Structures are given as C-alpha cells and as structure tokens.
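Open the model in your viewer and keep the selection tool at hand. We will go from stop to stop, and at each one I will tell you what to pick and what is there.

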Amino acid sequence: MPSSPFDSKTIYQAIWDADQQQNGVPAILQSDADASTSLKDNSRGYVIVNEAEDFTKDTKVLSEVLIPETKKKTYDLCENLFNNYVLRSSRSEDTETETPEETVEINTFITAIIDTVPMRIAREYLAPDQSSDEEWFTTIREMWFTTFAIPSAKNRSGFEHVFVGEDTGKLGGYHFWYKYYLDDGAGKIDGKDVMDYFGAKYGRSAAENEEGRSVPEVITLAHVWDAYGTPDDEGDDLNKRIGGFWVGCSPEGLIALGMARFKDEKSGSTRAVINNAEYELKLFSDVDRRKASNEDKVAKHINTFYPIFKGRVAGTDTGDAVVEPPKPPVDPNP
C-alpha cells in the first residue's frame, strides 16, 4: 500500500503552501499594506485584513480583495453553489432535494478542484491506496456534499454548513472568508451589504485580541448576517457570537484542509501550525442517522470544520518532509 510523505505535523502547512502557489491569495494586514504598497502583487492577488480595534458595524474587515482572473474559476464555481441551499432546511422535517441542475453544478465544481495541487496532496494523505479518480471523486462528494441527518439538523451537508452557513436559530457554520467578503457587499455586483461586524473575539483579554489581530491569515469575530435581506426586520437576522475562518485559502484549499483533518480525527490530532501560528482544528464528522445501514457508526460526512487561533509560535519545526506536489495517479485506461 502506498504511503504519504506527509504526517499530521506537516500536512496542513503543505496544503496551505500548495494552495498559495496555485489559487489561494496572500492575506496582508491593513497596516502592512498601508506601509508598503509593494506587498499588493496583482499577479498573485491579495486580501487586505482590517480587524480594527476601533470599529463600527459597517467596518470592512476584508477591506480589499483582488483575485486574479487566472485564479478565479474555482471561486466562481463555488459561488454558484451558494444559492442551492435553503437556510431553514436544516430545521425542517422536509428533506432538501438536489435538482438535476444542482447536481451538475456540484459535479462541475468537484471536477474543477479534484486535480489541483492542494487536493492532490490531501488525496495522497487521506487515501493513498485509492487507484481511481472515480473513487476520489466519490470520497469528496460523500464527505462534503452528501446530505445527512443528525438530531439538531434534519438536512445538512458539510459544504452547506462550512461554506454557506445555516439558520439554526442563530448562525451555524459559516467558515469561508470569501463568502463573508461577498455578504459584506464589496464582492457583489449590487454592492448589497448584509453583514454587520462586532469586533475581534480571540479571547477575553486585550492582549489575546491584539495577538490575534496581528495574524492576517485568520479572523475570529462576532458578526450578524441579514441572511434574508430584510433590513427593516432584525428579528430574522442570524447572530454569530464567536465565529471565524482562515483568510486567503481558495475553496479547494479549505476543502483539502478539512479532508486532511478528517483523517486525523481518528488519531485525535487537533493542533496544526501554519505560517508560525498555532491552531486548534475543530472538526466533527457524522453518519446519516436516517439510514439503518449506518449501524457500524463509521463517520462518512464532515459536519463542521473551522480553526481556533491559539497563538503565535516562533521557529516552528515542521519536520523534514519536502513539500512537493504528488504525481497525478496513473490512469490504467488512458
């Protein structure tokens, strides 16, 4: 059986680096961008992060975003999926159905990301013995896009919860920076802002929040989403008292990180260091409680996945593994 050159100590940095070399974009602190305009490389793209200590609800935390056209495809295909989900469906007794058009959109997105470098690294780590692309395609779909039922949600998929967000009486999930950027108005054609910002939430102390705000690759915040577009009715707004997400990873970068963490769930590994910042990686997986075939209780679906910033680290040893993209699998029937 083939083995991966990565382990739980090196895999997350490897995926992050590979994603930044492909479709991810660098996150830059607002203060650094103001001090040096040379940091804003139009060919690589960038995200300017402004977790201002003095803020209003209208503060743009992602104050400026440039994703080059050469990197934009998977973001656009990911965005196409956002309107496939009904916010209240997670609390409904009715099963959310996937239309033929939505099936095509999901399959098109998976096809676009399946052979990106971060996903190839995730594949070599999670499923090095899978010989066919069809198997890997099925693994991605089942883990992220297949709906399942748990006591607190009748219809959930990992993608819906993590990338889109859910109405659970408050805001559930919602851990993709680009979705926040779009909902904050700047990334939309109509410029409609349906997001209110209520400050950094890295910890109880000013020192903890100051340290968190010094790391551009992560945001931990309180925010309120007017998900139903009813500015005159705050009663249906979705509140997130403490939420957060990495900044700058592409859709496939986040999916690859989650799939790597899915494997590590079995070994109990929950910590990772990326760019000299330590995170606790929260991931919960589940089975579909509607199916009697799940008697073995082997989790197949990502329920939620998100990082918790734990602090800066210096001189981190990430091991001796050389971060090189794995070779594409050999197609026995070219």
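**First stop: two loops**

Select Tyr174, which sits in the loop between β7 and α8 (177–183). Helices (H or I, at least four residues) and strands (E, at least two) are DSSP runs, numbered from the N terminus. Before going on, note that this is a predicted model, in which local features need pLDDT of at least 70 and side-chain atom pairs count only at pLDDT 80 or more, while totals for chains, interfaces and linings use all residues. Residues are numbered from 1 along each chain as its sequence is written, and side-chain values use heavy atoms, with hydrogens and water left out.

Now check the backbone. Most residues other than glycine have a negative phi. Tyr174 has a positive phi, near 70°. Is Tyr174 buried or exposed? Tyr174 is buried, at a relative accessible area of 1%; buried means under 20% relative accessible area, exposed over 50%, and partly exposed in between (1.4 Å probe, protein chains only).

Next, select Asn275, in the loop between β11 (271–274) and β12 (277–286). Its phi is positive too, near 50°. Asn275 counts as partly exposed, with 32% relative accessibility.

**Second stop: a three-stranded sheet**

Select β8, β9 and β10, in that order: they form an open sheet with antiparallel pairing. Two strands pair if DSSP finds at least two bridges between them. At the edges are β8 (195–200) and β10 (238–246), each pairing on one side only. From one strand to the next, the twist averages 35° (axes are lines fitted to C-alpha atoms, for helices over the stretch in contact, and angles run from 0 to 180 degrees between N-to-C directions).

Stay with β9 (residues 218–225), which pairs with β10 over seven bridges and with β8 over four. Click on Leu221: Ala200 stands opposite this residue, and its bridge partner in β10 is Gly243. Further along, Val224 has Asn239 of β10 as its bridge partner.

How many residues of β9 are buried? Eight of the eight are, so the strand is largely enclosed by the rest of the structure. Colour one face by Val218, Thr220, Ala222 and Val224 and the other by Ile219, Leu221, His223 and Trp225, and you will see both covered faces.

Show the surface around Lys240, Ile242, Gly243, Tyr306 and Ile308, which of the 28 lining residues are closest to the centre of the largest pocket. On a 1 Å grid over the protein atoms alone, a pocket is an open set of points with protein on both sides within 12 Å along at least five of seven lines, a cavity is a set where a 1.4 Å probe fits but cannot get out, and lining residues have an atom within 4 Å of a point. The space in this pocket is about 710 Å³; grid points are joined across faces, edges and corners, and a volume is the space filled by probe spheres set on the points. Which element gives the most to the lining? That is β13, with eight residues.

Finally, select Asn84, Tyr85, Glu96, Thr97, Glu98, Glu102, Ile106, Phe145 and Thr147, the lining of the largest cavity. About 100 Å³ of space lies inside, and the whole structure has one cavity of 30 Å³ or more.

**Zooming out**

Of its 334 residues, 51% are buried.
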